[in-house]
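Dear colleague,

My notes on it follow directly after.

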2 protein chains.
Amino acid sequence: MGEVVFRRGSEEFRVVVDEGLSLYEASVKAGIYVGSICGGRGFCGKCRVRVVSGELSSPTEVELRHLGTELLNEGYRLACQARPASPRVVVEVLTTELMKAAVMGYEPEVPLEPAVAAVRVRRALVTLDTPHRSTLESITVHLGRGAPLVNVGVLRKLASSMSKEVDVVVHRGVNEVIDVRPVGRGCYGIAIDVGTTKVAVYLVDLRDGSTIYADAFENPQDSYGADVISRIAYAMEHGVRDLRLALLSRLNSFLNGMYRAVGIGKEEVVDAVVVGNAVMHHAFLGLNLKGLGASPYEEVVRAPLDVKARDVGLGIHPEAYVHLPPLLGGFIGSDSLVGAFINGLGRREGTYLFLDIGTNTEVFISRDGDVIATSAASGPAFEGGHIRFGMKATEGAIDSVVIKDADEPPEYTVIGGGRPRGLCGSGLIDLLAELLRKGIVDPTGRLVAGSSRRVRGDGPLEYVVVDAGESGLEVAITLSQRDVRELQKAKAAIQTAIRILSRKLGVSPLEVDEVYVAGSFGLYIRPESAITIGLLPEVPVSRVKLVGNTAGSGARVLLKNAGLREELVKFRDRVRYVELALERDFQEVYVDSIYMPSGCADLYPNTFRSIKGLLKGVRFRRGASQAGFPSL
Amino acid sequence: MGEVVFRRGSEEFRVVVDEGLSLYEASVKAGIYVGSICGGRGFCGKCRVRVVSGELSSPTEVELRHLGTELLNEGYRLACQARPASPRVVVEVLTTELMKAAVMGYEPEVPLEPAVAAVRVRRALVTLDTPHRSTLESITVHLGRGAPLVNVGVLRKLASSMSKEVDVVVHRGVNEVIDVRPVGRGCYGIAIDVGTTKVAVYLVDLRDGSTIYADAFENPQDSYGADVISRIAYAMEHGVRDLRLALLSRLNSFLNGMYRAVGIGKEEVVDAVVVGNAVMHHAFLGLNLKGLGASPYEEVVRAPLDVKARDVGLGIHPEAYVHLPPLLGGFIGSDSLVGAFINGLGRREGTYLFLDIGTNTEVFISRDGDVIATSAASGPAFEGGHIRFGMKATEGAIDSVVIKDADEPPEYTVIGGGRPRGLCGSGLIDLLAELLRKGIVDPTGRLVAGSSRRVRGDGPLEYVVVDAGESGLEVAITLSQRDVRELQKAKAAIQTAIRILSRKLGVSPLEVDEVYVAGSFGLYIRPESAITIGLLPEVPVSRVKLVGNTAGSGARVLLKNAGLREELVKFRDRVRYVELALERDFQEVYVDSIYMPSGCADLYPNTFRSIKGLLKGVRFRRGASQAGFPSL
């Protein structure tokens, strides 16, 4: 056990960590972004910090490679490599960027076996005496595989290049020669997670597997509707073309900027993996969305696809293939599928729960080899939507809340450190949990009049989070009774999914060995709070893993190891999809799940024990659906 | 045995045929074109004739289908179906077109198993209860094969079409869905023989295998050079692009005209096979020609290719594949390779010789499974090139010659029936053979002064074929001593190839079971004459098969039966290529072959016997190379 203090400008983040953990792991626990884009695996060299005081473990070879002796001597270290070696360590965080929440994500280590590789080839000499060979043969004879496919573009290049030695870029999956080019050029892959809100892009060096660039931008399709439903509606009226082109033109200009920043040419990017939900997937390809808009929901294609970059207009090597992993269906896209996959669901003994929380929350549970999944309509509350002072996790958002005394103003932290302008998802969950613990909100979700001096209003009540004087807005930041109801509905949708899936699999949510919470939102929640309100099952906090954007890291994994693309299809075929709305007791379980933490006390024994004093007058289990929530 | 008389305008063509032969077979023997484009297989319905007198066999079902009862009652018949039923039959030839020599060719019957087929599919209904299926799955579940490839274009169509029943057009070779479209549209393939001089195009209905259109046009690359050498030279200076675009723009406008004529849309053409020599093949693809221009001759690609129509710019369905069969090498293209292949070389017991006569003459000999081939630089003499009054086989060309009396004007026929303006290849061969038989030219190729009143000149002699008064030109049409030398060189190149190949295979040219003479030129020669001058080996005339444009018919065969595409590659891999110039005695055999029929009397025993009287003073075999041909 030791203390690590991260300093960023005038801010300080303190965290107590177990021995042996790296500074990177400490930073994740402290909720501060140190710049890593490879998830702490030592690939990117971006998580540089500078030692202010205290002792750290000796520099590793990885640090020597990324930093060199000079920087090491000046106290620079990589957070993923350095471990505290004294009870207290203070380091300076050097990244000045706003948190790259959209791109961070857990990434398992996999053998580097990319689909595309450049093979250096010395042309066989053609003479009249030797067996007759075409240029193509004199080059491909070295590849040691069946005759590869070639397209006309490559043949034309081949015909013009007469150098003795060339690099032959081969896509091993389709056994196609993508390019023939001068020796020594780069070989990169690009992973793209097309989210409804954010698009995350990663550049991976296929020669060593390192992620050398990662960033995200707002999905410009936003101007056609904030959520998938409104985008489908737009596409049904005007066609999908606008959506496709909006995304592609922004994406391609983003890529061009990235190429300039990194100093590579687009022809050096020879592979791509694109993941997303079904609507993003279809819109990326320019496929009509109407099948996704109405029951019986029918996507155009669920199978994995390899499409030519030039056919979809993606600004990488035009002959490269873009791999789109399979969808499970209209409600579970390749983004959460690959997330569940890289977290090992269905591939390990034990019971695992994977949640990708968003407007729709994808829920996977596996017990040993069995995998079951569904999509819950959780709504936008955890992203700040439909909440009066809700906002996204950007600068000015309250992202954590502690209430020490029910009558005093709560303590909170603000992203970026300035005055608060609202609450993001993790702040809302913290706040609701704290209100519950203090009896200011009761388990039915009712703000209790007189429970705190900060509860105000005649008629609908509200709780004052930040007084007007402290707020970054003109007015006080509050949480209304209606806001609480919205949060309850969101968490009820997710709890319902977990309860129904686990019942179908014959397990109890309490038995789950590990809970993986994906999504950029998930990176910042406090598991204790999420358990208290009943969003997560009541498991020991150490079993909750905040895995971040696993759609992005899943896409990177598929770039690095092409064999896993097929494994993913096999995984997909084993996942049993459950349509919650078709379950007979869906309504009943849902209404029961609106209680906090739950209408089913057995699922939250410890939480119930700790809030027992608050339970008077609240009836659970029996008659839950008659309890009456007129505002719902 | 019976006589068939073909009348065309004021002309009559008589031929005696064995019993049981069709009028079409009689027409081929008579050397008259009756309009067939399917090679007499009953597919095209184009070989209509009208009975003038005599009896024919009863109408067949094929005739009933193509002609109907009304036309049958008026005496119209199909030449390929009708057989003489009386000792003499007179029929009227109805085709008014100039001979379609460029497109005619022997075509073996093959099972109809095209690479591309339209499969009618009723979409499986998607409901919430049934196993989840995407649109693609609900359609491809019926195809009964592994998950097919689909491209983005087809997926977009699929997404927009919600009809219950659709036609799914599948390329079975690459297992790709080419199109999804309303039911009932056509399914055609196009076969293209890109010759240096002429481009032949065939439209094949893939549903029944019939050839429904065939025509040819001059290769517009002619403006960049008449032969492959000058086109390579042009491309080395200016790039291959001009050649490619010249061909493609003409080809595509030709195709558009054909689509209008036949009444189909270009999207109904879903397969294509393109054959040609290496230069045509590379120029079609836009591949640099420099490897083909200098030793060691190296083509860019020899392997069979399937390229997207839109990638090469061919005006058929853009998602269709264009199949380019393999080349044997720079000197033997897919055109003659497929010709030798469909004539069964290497696939039958016995010894077979295949000749594709042109500026370069490809020669294949097979004994049982062994196949050996070469390309001989025969020059343009047999196409009328380098011959003073030589011309192509078009209107006004003398195409057959008979000399009854050495001193009298020869008898001849003229294509189109008007006044003669020159001699085409078959006319030249006939003429040379007749001059040889009459002793006007001696076996060394010398025009013999005083042998005929029609031999004139002081200094170099010439033989007057047509007097000025009969000629369609202002002057007499003659054959000069220099012209005879050109013809001798051409035939010597071919005889040399046959002699060297047969020696390497351990067979005698006299043992050849069948000789296939391909090329439009080959359709009109008189085998007797070709044997007399030593162009063909001395085998019984019945063993000589004039097979016409087998490049075109080979391409059609590959359209109809996709499995043969792989067979062709296996055939290619078995053909042993011989580079004549590397043979030690090449020069010696060549000079010996300049004699007519040959310097090797053993190869032409009967011919020598018949011209024995002419042999005085001519020394054969030994010392052939010292015989001295100063003008060569």
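By what turn and what shift along the axis can chain B be laid on chain A? In this predicted model, a turn of 180° and a shift of 0.2 Å along the axis bring chain B onto chain A with an RMSD of 0.3 Å. This is the relation of a two-fold axis. Both copies use the same surface, as 100% of the contact residues of chain B recur in chain A.

May I turn next to the single chain. Chain A contains 17 helices and 27 strands. Its C-alpha atoms occupy a box of roughly 100 × 65 × 50 Å along the principal axes. A compact globule of 632 residues would have a radius of gyration near 26 Å, and chain A agrees with this because its own value is 26 Å. Of the 632 residues in chain A, 54% count as buried. When contacts in chain A between residues at least 6 apart in sequence are considered, 68% of them join residues at least 24 apart.

Finally, I draw your attention to one pair of helices. Two packed helices are described by the angle between their axes and the distance between the axes. In chain B, the axes of helix α12 (residues 481-505) and helix α16 (residues 586-593) come within 8 Å and cross at roughly 125°. Angles of 65 to 115 degrees count as roughly perpendicular and those over 145 as roughly antiparallel, so α12(B) is oblique to α16(B). The crossing of α12(B) past α16(B) is right-handed. Residues in this contact include A492(B) and R499(B) from α12(B), together with F586(B) and Y590(B) from α16(B).

Yours sincerely

How values were computed
Residues are numbered from 1 along each chain as its sequence is written. Chains are lettered from A and ligands numbered from 1 in the order in which they are written. This is a predicted model: local features need pLDDT of at least 70, side-chain atom pairs count only at pLDDT 80 or more; totals for chains, interfaces and linings use all residues. Copies are superposed by least squares on the C-alpha atoms of residues with pLDDT of at least 70 in both. Two residues are in contact if their C-beta atoms, placed from the backbone, lie within 7 Å. Helices (H or I, at least four residues) and strands (E, at least two) are DSSP runs, numbered from the N terminus. The radius of gyration is taken over C-alpha atoms; the globule rule is 2.2 Å times the number of residues to the power 0.38. A residue is buried if 20 or more other C-beta atoms lie within 10 Å of its own, exposed if 12 or fewer, and partly exposed in between; C-beta atoms are placed from the backbone. Axes are lines fitted to C-alpha atoms, for helices over the stretch in contact, and angles run from 0 to 180 degrees between N-to-C directions. Angles under 35 degrees count as roughly parallel, over 145 as roughly antiparallel, 65 to 115 as roughly perpendicular and the rest as oblique. A crossing is left-handed if the near helix is turned anticlockwise from the far one by less than a right angle, and right-handed if clockwise.
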